[in-house]
Amino acid sequence: MSMQYLWKKLLIILFLNNIFFYQLYSSENNITKLLILDKSSSSKYELDFSNSYQFRNLSFELVSCKVIEFDKYLDTAALLKITQNDKIFIGWFFKYTDELNLYSNKIYEISLINC
């Protein structure tokens with residue numbers, strides 16, 4: 001193997017390592033705020049968490065948080081992992097365009113307030 005090949009491989013590993021730790025660091029500093037509507041009792045709950053949170057039988061984990069800008073469109077999106085019993089959902093939640101939120105549950109309606 002040539003020395004140039006080894007340098008390229010090392011640079012790629014360092015680059016991927018930096019991306020991983022940047023994502024980890026940025027997700028730790030984001031405070032996610034969710035609004036949960038319990039349809040069975042018509043109760044509302046606000047959850048604040050940075051990495052993960054347990055609410056009744058739902059487990060939330062923040063994977064990523066992004067601000068989306070496109071022309072005049074501005075929105076905040078959070079990639080969440082929601083675990084309920086054996087079911088796992090991973091998907092984006094949008095602050096302003098909540099009709100794009102794909103999570104459905106018979107008991108809970110979840111909306112993103114901020115991240």
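Predicted model: local features only at pLDDT ≥ 70, side-chain atom pairs only at ≥ 80, totals over all residues.
Let me begin with Arg-56, which is partly exposed at a relative accessible area of 44%, where buried means under 20%, exposed over 50% and partly exposed in between, with a 1.4 Å probe and protein chains only. Residues are numbered from 1 along each chain as its sequence is written, and side-chain values use heavy atoms, with hydrogens and water left out.

The side chain of Arg-56 meets that of Asp-38 in a salt bridge at 2.6 Å, N to O, the term standing for a side-chain nitrogen of Lys or Arg within 4 Å of a carboxyl oxygen of Asp or Glu. Arg-56 sits in the loop between strand S3 (52-55) and S4, and Asp-38 in strand S1, so the pair ties together parts 18 residues apart in sequence; strands here are DSSP runs of E, at least two residues long, numbered from the N terminus. Asp-38, at 3% relative accessibility, counts as buried.

The structure holds 2 salt bridges, and Lys-33 and Glu-46 also meet in one, at 3.5 Å, N to O. Lys-33 belongs to strand S1 and Glu-46 to strand S2, 13 residues apart, and Lys-33 counts as partly exposed at 27% relative accessibility.

Turning to Phe-60, and leaving aside its neighbours within four places in sequence, we find it in contact, meaning heavy atoms within 4.5 Å, with residues including Leu-34, Ile-36, Leu-47, Ile-82 and Ile-110.

Key:
Helix = DSSP H or I, 4+ residues; strand = E, 2+ residues; numbered from the N terminus.
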